[in-house]
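Morning, everyone. Please have the sequence and the model open, and follow along as I go.

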Amino acid sequence: MARLLDSESSEAETAKLGSACRDWGFFQLTNHGVDESVVQDMKDSTMQFFRLPLDKKKAVATRAGGLEGFGHHFAGASCAKLDWAESLILLTQQKEQRSMEFWPADPARLRPSLDRYSLEMSRLTSRLLGFMASDLGVEREALAGAFRGKRQSVALHHYPPCRHPDKVLGITPHNDAPGLQVRRGGTWFPPDPLAGARVVNVGDILQGLTNGRYRSAEHRVLADAGRGRATVVVFQDTCVAGTVRPLPGLGEARYRAIEYVEYLKGNYRGLAEGTRFVDSLEI
């Protein structure tokens with residue numbers, strides 16, 4: 001981020017950012033400016049929550065047909081498989097849309113930690129979008145406006161140790177740190193995590209928004225035999241006037257427009273079936 005913000009290196013670094021989004025769909029961002037105390041507080045409170053007895057975690061359990069709350073969230077073909085993980089998924093932005101009954105009161109620091117962390121991630125997203133717009137050659141407001149005011153959600157994942165890590169997956173391969181693997185050209189690559197970096201990936205919806213200029217990458221999480229770990233994942237929704245479609249100014253549209261709600265339904269079906277719904281939108 002420091003090189004992106006530096007006028008002398010910004011152009012070259014923006015080109016690197018664009019290359020990562022086109023060629024890999026993943027990148028690690030260092031010197032991002034996120035308050036490290038906020039990051040550490042989020043990590044600590046997340047681990048404290050997952051160390052609670054199961055009955056206390058179930059106090060914020062997800063409900064039938066819902067996504068928010070604590071539980072084992074299904075993935076895989078026809079939702080027949082469980083990931084080797086327990087998760088807490090919460091809607092964090094906008095504040096008035098939060099379902100606070102799913103926000104744990106124990107540990108007491110989790111709610112304020114998550115509130116601060118979600119705001120930091122919103123600021124970071126806004127900064128990155130400006131440089132992505134420059135790389136794509138579109139108006140900054142056109143790209144930023146597609147994200148502004150849209151939902152942000154956070155998924156806290158805990159991967160317990162597994163005596164047979166070769167027989168399970170922490171999170172099954174999907175499109176949307178240690179143990180993370182990214183698929184490229186049919187081969188899985190384990191990224192070498194950089195200290196203090198934020199890992200950012202292009203999601204399917206951004207692929208459509210950029211008319212295929214940026215490509216989402218299939219990825220998965222592996223279990224570990226000797227230790228458990230937790231991750232904090234932030235998802236930022238986007239759409240243009242209530243529809244998922246390419247931004248103007250990026251050439252002839254390669255994806256058909258679809259109502260945002262219908263896109264979400266199709267995306268969930270694709271996740272359950274092991275397919276990519278965004279591919280079905282290609283013209």
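Start with helix α6. Which residues in α6 are buried? They are L143, A144, A146 and F147. Look down the axis of α6, and the buried residues fall within an arc of 155 degrees, so they line one face of the helix. Here is the background. An α-helix has 3.6 residues a turn, so residues three or four places apart point the same way. One reminder before we go on: this is a predicted model.

What does the buried side of α6 pack against? The buried residues there pack against α5, α7 and β12. In numbering, α7 covers 204–209 and β12 covers 229–236. Just after α6 comes G149, with a positive phi of about 80 degrees.

Now take the α5 partner. Two packed helices are described by the angle between their axes and the distance between the axes. Helix α5 spans residues 110–136, and helix α6 spans residues 140–147. They pack at an angle of about 135 degrees. Their axes are 8 Å apart. That angle makes α5 oblique to α6. The crossing of these two, α5 and α6, is right-handed.

Which residues meet there? From α5 we have S126, L129, G130, M132, A133 and L136. From α6 we have R140, L143, A144 and F147. Sort the residues of this α5 and α6 contact by class, and you get seven nonpolar, two polar and one charged. Notice that L143, A144 and F147 were also on our buried list.

Stay on α5, and bring in α2. Helix α2 runs over residues 10–23. It packs with α5 at an angle of about 85 degrees, and the axes are 9 Å apart. So α2 is roughly perpendicular to α5. On the α2 side, the contact residues are S10, T14, L17, G18, C21 and R22. On the α5 side, they are F131, M132, S134, D135 and L136. The classes in the α2 and α5 contact are five nonpolar, four polar and two charged residues. M132 and L136 meet α2 here, and M132 and L136 also meet α6.

A further partner of α5 is α3. The axes of α3 and α5 come within 9 Å, and they cross at roughly 135 degrees. That makes α3 oblique to α5. What is the handedness of the crossing of α3 and α5? It is left-handed.

Here are the contacts. In α3, they are V38, V39, D41, M42, S45, T46 and F49. In α5, they are L110, S113, L114, R116, Y117 and E120. By class, the α3 and α5 contact holds seven nonpolar, three polar and three charged residues.

Pick out T46 from that list. T46 sits in helix α3, which covers residues 36–50. Is T46 buried or exposed? It is buried, because its relative accessible area is 1%, and the cut-off for buried is under 20%. Leave out residues up to four places away in sequence, and T46 touches L110, L156, A230 and V232.

Next, a residue in a strand. A155 is in strand β6, residues 152–159. With 2% relative accessibility, A155 counts as buried. Setting aside neighbours within four places in sequence, A155 is in contact with L88, I89, T231, V232, V233 and F235. V232 is a contact of A155, and V232 is a contact of T46 too. Now recall R22 from α2. A155 and R22 are 133 residues apart along the chain, and their C-alpha atoms are separated by 25 Å.

Last stop: the loops. Two peptide bonds to check. Q93 and Q94 are joined by a cis peptide bond, with omega about 5 degrees. The bond from D106 to P107 is cis as well, with omega near 5 degrees.

N211 has phi near 60 degrees. N211 is in the loop between α7 and β11. N211 is buried, at 4% relative accessible area. A241 has a positive phi of about 50 degrees. A241 lies in the loop between β12 and β13. At 74% relative accessibility, A241 counts as exposed.

Terms used
Residues numbered from 1 in each chain as written. Predicted model: local features only at pLDDT ≥ 70, side-chain atom pairs only at ≥ 80, totals over all residues. Heavy atoms only, no water. Axes fitted to C-alpha atoms, helices over the stretch in contact; angles between N-to-C directions. Helix = DSSP H or I, 4+ residues; strand = E, 2+ residues; numbered from the N terminus. Parallel < 35°, antiparallel > 145°, perpendicular 65-115°, else oblique. Left-handed = near helix turned anticlockwise from the far one by under 90°. Contact = heavy atoms within 4.5 Å. Nonpolar A, V, L, I, M, F, W, Y, C, P; charged D, E, K, R; others polar. Buried < 20%, exposed > 50% of the residue type's maximum accessible area, 1.4 Å probe, protein only. Arc of directions from axis to C-beta.
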